Amino acid sequence: MSDVQQQAAPPQPESGERISPARRATQIALTALALGMSLVVGFTVDGPTLWGLAPIAIYAILVLVGLDIMLASVAALVSGFLLLHSDPIDAAGILGTALGSDIVEIGLIIMLGAGLGEVLTRTRGATYLVRMIVDRFGVDTAVRAQLSIMIASGVLVIALGTLIGAFAIAAPIVIPIAARLGFTRSSTALMMFIGGACGMFVAPFVGSMVAIREYSGVSYPEYVLTAGGPLTIVCFAVGFVVIRWCQRHPVSADDYYDEREIGDQDTALPPSARRSTIAFLLTFAVLVAYGVVTRAGTSFAVVALIVMAVVTGVAARMPVNEILKAIYEGCGRLVDMFLLFWMLAALLAVVEELKPYDVLLERFGADLRALGVLGFLIVVALIGWLGISGASAAQVIVIDRVFGPTAEALGVPVQAWAVVLLCSCQADTFGPFPGPNMISPMAFARSTALKRMIYCGWILLAASLAVYVIQLALLS
């Protein structure tokens, strides 16, 4: 769930795309029903009440039926105001207070990550980074080339903070290599997809990963050791084997690239590309080390992303106004994500006013304790994976706000909670249904083998779920 940076939200209709009248009617009817119900119930209940969970349920249902995620968030927020029977002044106060919340801060981090990505793109540093990795590992054999492409995709995701943006930059570089060595289109798509996803799981400044650390309370090294690191290692290893099998079993004779796609690998990059790449890598390493040593909080990511963007641009000798324009343009593409997190922060503030969690603990606390810590964690992870849709960082926040108090009451270790949050927001990267992050590398690799991609995704999904269960069993 962009987070569009780490995992995009469910595909939304693009501007101008027509939606079937039946689907639009369903969305309107459900929204009207939800708001009407909230209006009526708002006059009959007061907190603490389980009706406080209704806005979150409305948000999830509207997203699942395909309503734009921003519209779904606004509808859920209005539902919350109706349940709380807030007047316009009270609603404005909640919205104003929400702007200073840590949830909105994560939305700002997502925007700034896009700004850094734009600077790296304009300086050609992102392109140079991919070439540097490919040259370092070599492409003289199919195995080494596959390793290079997967690692390059992962590192580029860590640098740019977005899967789809990384695929767009990597594709023109890796496709000629894949074509020259006889890789199939479907295998090339899998290399970019699996490598990029593995990079996302350990990225330090991506919105969803920042949210996981913020709401679980683990440090970055703890997160890598107990949650993201093991998942990355297993998925990379399993994915590597799966791709080797797929390469030996092409989907069809048309699955291969033709000679025209080998292209020219010697296209020169400007000297500024090398300078900006080195500056970015050094600044990135220093800032990550500083953050680890000082146990810096969420706010540090805001400063780190700005510093990396400025240093990268200055190293490429970009004028200051051009650096700022690049940051503005990158951030501008994700203003909707910032607004989404603002709405979400206000929504959760309203939900907290209704205190549904107090009722949950009182009524169902004994049953939840009867599940045991491991059983409770598995149930929550499944709900997050299959039951709550939206941007991945938003999923983390919703899961933590709904189930976090119960987890705390049960004495769940913070490391185990980090694994649950990771599973909740990232398990659907590999399935069970194809999403934008799965389909986009196919488009860039010029592959149409969706069935192959889905089946391979299911294999990775099974491996990742096994990792989650083992991690939870060991940590709980």
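Author: A helix here is a DSSP run of H or I with at least four residues, and helices are numbered from the N terminus. The model is predicted, so local features need pLDDT of at least 70 and side-chain atom pairs count only at pLDDT 80 or more, whereas totals for chains, interfaces and linings use all residues. Residues are numbered from 1 along each chain as its sequence is written, and side-chain values use heavy atoms, without hydrogens and water.

Reader: Which helix gives the most to the lining of the largest cavity?

Author: A cavity is a set of points on a 1 Å grid over the protein atoms alone where a 1.4 Å probe fits but cannot get out, and its lining residues have an atom within 4 Å of a point. Its volume is the space filled by probe spheres set on the points, which are joined across faces, edges and corners. The largest cavity holds about 90 Å³ of space. Its lining has 16 residues, of which I158, A159, G161, F205 and L305 are the closest to the centre. The helix that gives the most is α5, with four residues. At least two lining residues come from each of α5 (102-122), α7 (142-160), α12 (271-294) and α13 (298-315).

Reader: How do the residues of that lining divide into nonpolar, polar and charged?

Author: Ala, Val, Leu, Ile, Met, Phe, Trp, Tyr, Cys and Pro count as nonpolar, Asp, Glu, Lys and Arg as charged, and the others, Gly among them, as polar. In this lining, 12 are nonpolar, four are polar and none is charged.

Reader: At what angle do the axes of α5 and α15 cross?

Author: Axes are lines fitted to C-alpha atoms, for helices over the stretch in contact, with angles from 0 to 180 degrees between N-to-C directions. The axes of α5 and α15 (residues 335-354) cross at roughly 170° and come within 8 Å. These two helices are therefore roughly antiparallel, a term for angles over 145 degrees. Their contact (heavy atoms within 4.5 Å) includes I103 and M111 in α5, and F338 and W342 in α15. The contact comprises 14 nonpolar residues, one polar and no charged.

Reader: Is S79 buried or exposed?

Author: Buried means under 20% relative accessible area, exposed over 50%, and partly exposed in between, with a 1.4 Å probe and protein chains only. S79, in helix α3 (residues 69-83), is buried, because its relative accessibility is 0%. Leaving aside residues up to four places away in sequence, S79 touches L35, S38, P55 and I58.

Reader: Where is the place of W51?

Author: W51 is in the loop between α1 (21-42) and α2 (54-64). Its relative accessible area is 37%, so W51 is partly exposed. Beyond four places away in sequence, W51 touches M37, V41, V45 and L83.

Terms used:
1 Å grid on protein atoms, 1.4 Å probe; cavity = no way out; pocket = protein on both sides within 12 Å on 5 of 7 lines; lining within 4 Å. Parallel < 35°, antiparallel > 145°, perpendicular 65-115°, else oblique.
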